[in-house]
Amino acid sequence: MPKDFLSAADLDAAAWRRMLALARELRGDGDRRDLAGRTLAMIFEKPSLRTRVTFELAIAQLGGRAVHLAGGEIGLGSRESTADVARNLERWVDAIAARTVSDATVRELAANCRIPVVNALTDREHPCQAAADFLTILDRRGSLDGLRLAWVGDGNNVCHSLILAAARLGVGVRVAAPRGYEPDPAVLAGAERIAEPGYSAVVVREPADAVAGAHAVYTDVWTSMGQEAEAEARRRAFEGYRLDAALLARAEPDALVMHCLPAHRGEEITAEVLDGPQSAVFDQAENRLHAQKALLLLLLGPEDGARGPT
């Protein structure tokens with residue numbers, strides 16, 4: 001395992017498969033002591049439901065504890081430099097999970113401390129979500145072999161992490177996005193460099209072209225946190241990208257419906273699809289807990305525990 005989990009690309013194929021296998025083993029095992037005495041600092045510059053709750057429960061169910069730090073309380077880069085925050089925290093805690101406005105901030109934290117730092121969402125990636133997503137698909141399908149994953153909507157941070165994880169896991173991805181909202185070309189190029197056999201990524205304009213024959217169809221909000229001023233322009237740009245029953249019918253008959261939540265029913269996805277029998281969205285939410293338990297064990301467990309302070 002690497003020291004940090006800042007990007008879905010940070011884990012190689014073996015580490016990804018190891019984490020997913022461990023997450024499945026840990027499911028339902030809520031009273032372990034593997035990380036007894038360990039502490040996770042959680043820095044959140046943006047709101048959180050799933051990430052905060054599941055990280056707090058993950059460390060607790062492994063015998064450790066969490067300390068929550070709201071962005072306004074510590075003032076990363078304003079009240080105190082990000083580097084100095086990192087240097088302080090490494091003296092007290094064993095790992096940091098950080099949800100920051102900028103990807104550069106979480107990377108600066110990691111560069112200035114000896115303890116593991118986990119990206120709990122930035123403007124560029126959301127790798128913990130990708131871990132839960134592939135765990136969900138693995139649970140439902142039994143295998144990732146031959147998987148065809150469709151993404152419909154904004155080529156955002158969640159999309160970036162899915163693409164990079166797909167490259168490591170040998171999964172094919174097709175993204176439908178309006179012009180100007182495609183995934184970052186640098187992410188696509190990076191995925192190609194690390195790709196395992198079976199990976200492919202195609203960016204198209206028409207949602208129907210992405211969804212045709214897919215085993216899983218994924219969408220996300222059209223306007224992410226911090227983009228509220230763009231909301232009206234985005235609604236116009238994404239008007240033809242709603243995941244509804246007609247679009248879903250172009251996928252495989254048993255295709256999974258996926259969404260990282262929160263969802264805006266009637267905007268990027270209809271209630272009929274989100275709440276329908278093919279929906280896996282609440283399994284994804286549950287699997288945040290199991291995937292993050294596995295991640296924390298791999299970063300802080302017996303093999304790697306010497307990194308953190310005693």
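1. Confidence. The coordinates are those of a predicted model, and the protein chain has a mean pLDDT of 95, with 97% of its residues at 70 or more. The stretch that calls for caution is residues 304–310, where the pLDDT is below 50, although the model gives this stretch 18 contacts beyond near neighbours in sequence. Where pLDDT is low, predicted coordinates should not be read in detail, and I would keep that in view when those contacts of residues 304–310 are discussed.

2. The largest pocket. Its volume is about 670 Å³, and 35 residues line it, of which Leu121, Asn157, Val221, Ser224 and Met225 are the closest to the centre. By class, the lining of this pocket comprises 10 nonpolar, 15 polar and 10 charged residues.

3. Helices at the largest pocket. Two helices, α2 (50–61) and α7 (157–169), each contribute at least two residues to the lining of the largest pocket, and α7 is the element that gives the most, with three residues.

4. About 150 Å³ of space is found here, and the lining is made up of Ala41, Val67, Leu69, Ile74, Arg79, Glu80, Val85, Asn88, Leu89, Trp92 and Val93. Eight of these lining residues are nonpolar, one is polar and two are charged. Strand β2 (65–70) and helix α4 (82–92) each supply at least two of the residues that line this second pocket, with α4 giving the most, namely four residues.

5. Packing of α1 against α7. Which angle do helix α1 and α7 make where they pack? Helix α1, residues 13–26, meets α7 at about 100°, and their axes lie 8 Å apart; because angles of 65 to 115 degrees count as roughly perpendicular, the two helices are therefore described as roughly perpendicular to each other. On the side of α1 the contact is made by Ala13, Trp16, Arg17 and Leu20, while α7 brings Ala165, Arg168 and Leu169. This contact between α1 and α7 holds five nonpolar and two charged residues, with no polar residue.

Terms used
Residues numbered from 1 in each chain as written. Predicted model: local features only at pLDDT ≥ 70, side-chain atom pairs only at ≥ 80, totals over all residues. Heavy atoms only, no water. 1 Å grid on protein atoms, 1.4 Å probe; cavity = no way out; pocket = protein on both sides within 12 Å on 5 of 7 lines; lining within 4 Å. Points joined across faces, edges and corners; volume = space filled by probe spheres on them. Nonpolar A, V, L, I, M, F, W, Y, C, P; charged D, E, K, R; others polar. Axes fitted to C-alpha atoms, helices over the stretch in contact; angles between N-to-C directions. Parallel < 35°, antiparallel > 145°, perpendicular 65-115°, else oblique. Contact = heavy atoms within 4.5 Å. pLDDT = per-residue confidence, 0-100.
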